[in-house]
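Here's a short tour of a protein complex, with a focus on where charged side chains pair up. Have the sequence and the 3D view ready.

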Amino acid sequence: MVRSVVEAHVTFRRIEDERLLTGRGRYVGDIRLDNMAEAVFVRSPHAHARIRSIEVDDALASPGVIGVWTFDDLDAYFQRPLPPWFRHPAFRDVKSPTPLAKGIVRHVGEAVAVVVAVDRHHAEDAAGKVKVTYDPLPPVVDLEEAAAATEGPFVHEDLGSNVVADYTDEVGDVDEAMARAAHRVKLRLRTHRGAGLSLEGRATLASWDEQEGVLTVWDSTQGVLPLQNSLSEMLQLPKEKIRVIAPDVGGGFGPKHMLYPEELVIPYLARKLGRPVRWLEDRLETFIASAQQRDQEHEAELGIDEEGRIVAVRTDFLWDAGAYNPYGLIVPIVAGITLPGPYRIPNYRFRFRAVLTNKPVVAPVRGSGRPDGVFVMERLLDAMAEQSGIDRLALRRINLLSPDDFPYDVGLKQHGGDPVVYDSANPPALFDKVVEMSRWEEQQGAPAEDARRGRRTRRGVGIASFVESAGRGPAEACRVALDRDGKVRVLLSAGTQGQGIATMAALLAAAPFDLSPSEVHVELGDSHLVSVGQGTYGSRSAVLVGNAVSLAAEGLRDEILLRIARRHQRPIESLSFRAGEVYSGPDYLGSLPQLAEDLAEEGETQGELLLEVEREFEPKGVAYSSGVAVALVEVDPELGTVKVPEVYMVHDCGHVINPLTVHGQIVGAIAHGVGNALFEHLVYDDKGQLLTGSLMDYLVVTAADAPRYVVEHIGTPSPTNPLGVKGTAEAGICALPAAIVQAVEHALDLPWGTFTQLPLHPETVLEALAARNRLPGRTQAS
Amino acid sequence: MKPAPFRYVAAQSLEEALALLQEYGDEGKLLAGGQSLLPLLNMRLTQPAVLIDINPIRELSYIRRENGVLRVGALTRQRELERHEDVLRDWPCLAAGVEHIGYFQIRNRGTVGGSLAHADPSAELAVLAAAYEAEFYVQSEEETRVIPAEEFFLTYLTTSMMPHEMLTEIRFPAQPSHWSFQELARRPGDFALVSTAVLFDLDSRGNACNVRIAVGGVDATPVRLRNAEASLEGRPLDEEALEEAARLAQDEVEPESDVQASAAYRKRVVGVLVRRALIEALSRPQAAGRMEE
């Protein structure tokens, strides 16, 4: 019955929206507890320095101050590195930050002290009076220099190197195959560091109940249970004495799934002070103290045979991990395993070195290496189209996997060691559909010109494909219950940061009872509701949470029908729900509120929930989404500026649970992809100082730059889960940068594969145009 | 991001505001629309002892036409200027340029005087004031003086006003018949990498006269491109003239590099925008009326 919901393709408006859009959201910043104090962190202005001394007397004497703490002031049990979030066996060593810097700071923004005062204003006044004396150390900034350093400088002196992992994965025999390729192209490609911005910054509020010995933490997090675990470990409290609540969360995008010093320091202080303490990250802090993304430098090569079939691909890349490596090797491994995409690549190898630098830690941010992998693959194909003379579409079509190939074993390993096996897809259908939708053929030939008052813009199109892991374990659990009012309730630990998980859960839980989703009550983002789960990240919730909800709801329906069958002495097979009421054929047997009343009378339970079913779900393997995007660009050849007026995308996320939510996810990520391609760039100087540390200089795509979107679906149901669904939150971003740079090359009649860096700056466009106009045999484009 | 402590005083009249400025001098800072000041306060980049709020002084908010001159009260909101009927008809370049300031929410709060007194060299109003050869009426308790646009902006965020003086009115003379405002920013609403306001008349033989080309974002103040202007004066604006003006414009500026654009790119953009502005201005019918009152 639930399956029929996902097959119905009926759109529901998000149940979250009315409250959020009318200003009734409740974020950590909206919560005020009695006697609540506020904290501000004193942060390092240096990328790399030894702390000589910290004087706090003036700060302590500042009005309204409750206390000031440095590393030395912390209790011995708390003076240790944060538990690493993800480990990987390929690491030589794992360096995790301490709650406050111990002796050395390793990036601008690292917290060295914390000031607690009666309010934020007083805390900031006092923070300015904490005097920290630093002895600057040579900063490690440039990625290549950092990797090559043998005599220092090192981010962590004891490692004797900045390289913390050297990882290789290979399928086939790449070197042998490359040697016999008919055509080979080599590219050096660079994707630059970016931020992971949410509308709401990070935020933590903690309250300690001395009588009960219970700690309650409200946190703007993507994972309440992992945070509960870490708090338990660091604060030496049993898990059941810690409750972590994610209230409304204003965006996550990955960085909020990570663990940060502030999330531990604030609860530590709340317990110490016996009063609630809150910290709200401001935008300036986001840029220097939240996890960041990307920074990869690839040396990549592609070989094809005479017919254009790929014989081998290899890439050797550096990945800038930042100052510590507590978040595992997810980003570079995801980049490496995403690179092959929907293409048949019999021989492929990726090798990378994870390199520490004096910059904030790098973690998964929407895409998590996928756009980088796709960029490398698609750039190689473009450069090959240029060299071999094979049309860029034809070269791709020749190499697409066919529907018969699935399940398809790529021959690589996930970051967890499990194999990369595509569950289902139909790449040629996606490809053909997007080519048709975008009127690709009409866009060919001489790039179109649009002349207006002294300005000529040129139009071009670009295409790129991807396959992405979108639904991977470990398990999520869900409880579905009938309460005393006869309402169906869904209880989840996984929270929502804009993905519409409450809507999805309501939709799936309503189906077995034939209720309207608005009649189902969803509670989520609370460690007290369910004890199994990792949270919301990696495009996993449709698969993990969706199936858990659906199984638990069906379980509850069966429990209820069993009771009604007994009471009315009818065979259970004859019973069914219609609009929340139970019928046996035409005979009405009762409603959910009536049943609740009966159950309450029977006194089976004294609690608020009369009947409940809990289910866990973990997919068999990994669900892989796929898609192909076409970007249409308008380039001003005199200024080098690029606009993206239209994006077409055909996507396969299996069955679509709620078309409106899926559409929202995809267009949001497409806009994000436009930003990645053209704007988002964290620029550091050679001292490791961030030059783009505010929204004035770090450019995020706005509505004015967002394209018109045309999105279609061709779903191949995933065999990994009963609902046949796959994730969708990162799909839109994967192909966009690759498609956009290719479209600019088309617009300006540049050699395919010209652009090798992201983001694409107007000056780079002009330089490429100038270089092209110096080539013989090319017509002037500007 | 909370401001350092300050004293707040709301001035109810111009006299009171001037008296407060006299009293506090360097320590005092005027609060008008707050669109630049509040971020600076919140980031603690400026920490004035006293904030003198002039928003209650209604008498400083007006747009008046007088003898062919547009008189704009310093507290007039940018959005009012942008949408004012007289401005749209007879000072259309002013309206077009103001439209590029940030977003409409910013223009709803931001004031004309506030932006000019802030003296950001990439601010649209500063460029427009330079092109129009606007006059700045500046008052203190002792006197009122008039500062020509050319002398008003000294360098980044610095004007020739004294700490106890206040900008009360800006006067824009009649606009030449042909005009264009061009701007390039990384995204719509961002600070301009380069902006330019171009104004000129055509004489009876179709030659350019009264040519003014002002550019922002390329120096510590908005600049007039005198060489480019002179090259066009008394000449028909044919293709050759446009090319020459664009080249001179580009050579005349000495921008600096920053994280968004190199000096070389900005120079190139100046040439492209000046050329486009001249073409656009020429392509317009005699839109701006010659104001004969």
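This is a predicted model: local features need pLDDT of at least 70, side-chain atom pairs count only at pLDDT 80 or more; totals for chains, interfaces and linings use all residues.

Residues are numbered from 1 along each chain as its sequence is written, chains are lettered from A and ligands numbered from 1 in the order in which they are written, and side-chain values use heavy atoms, with hydrogens and water left out.

The pLDDT score is the predictor's confidence in each residue, from 0 to 100. Chain B averages 95, and 97% of its residues score at least 70. Take care with residues 287-293 of chain B, though, where pLDDT stays under 50. For the complex, the predictor gives an ipTM of 0.94 and a pTM of 0.96.

## Where the chains touch

Counting contact as heavy atoms within 4.5 Å, chain B brings 27 residues and chain A brings 32. There are four salt bridges between chain B and chain A; a salt bridge is a side-chain nitrogen of Lys or Arg within 4 Å of a carboxyl oxygen of Asp or Glu. Arg44(B) makes one with Asp125(A), with the closest N and O atoms 2.7 Å apart.

On the side of chain B that touches chain A, strand S11 (178-184) and helix H12 (263-283) each give two or more residues. Helices (H or I, at least four residues) and strands (E, at least two) are DSSP runs, numbered from the N terminus. H12(B) gives the largest share, nine residues.

## Salt bridges within a chain

Side chains of opposite charge can pair when their charged atoms come close. Over all chains, the whole structure has 87 salt bridges.

Look at Glu262(A) and Arg202(A), whose closest N and O atoms are 3.0 Å apart. Glu262(A) lies in helix H8 and Arg202(A) in the loop between strands S8 and S9 of chain A, 60 residues apart. Are these two buried or exposed? Glu262(A) is buried at 2% relative accessibility, and Arg202(A) is buried at 5% (buried means under 20% relative accessible area, exposed over 50%, partly exposed in between, with a 1.4 Å probe and protein chains only). Both residues belong to a network of salt bridges that also includes Asp125(A) and Arg44(B).

In chain B, Arg275(B) of helix H12 pairs with Glu239(B) of helix H11, 36 residues away. Their closest N and O atoms are 2.6 Å apart. Arg275(B) is buried at 16%, whereas Glu239(B) is partly exposed at 44%.
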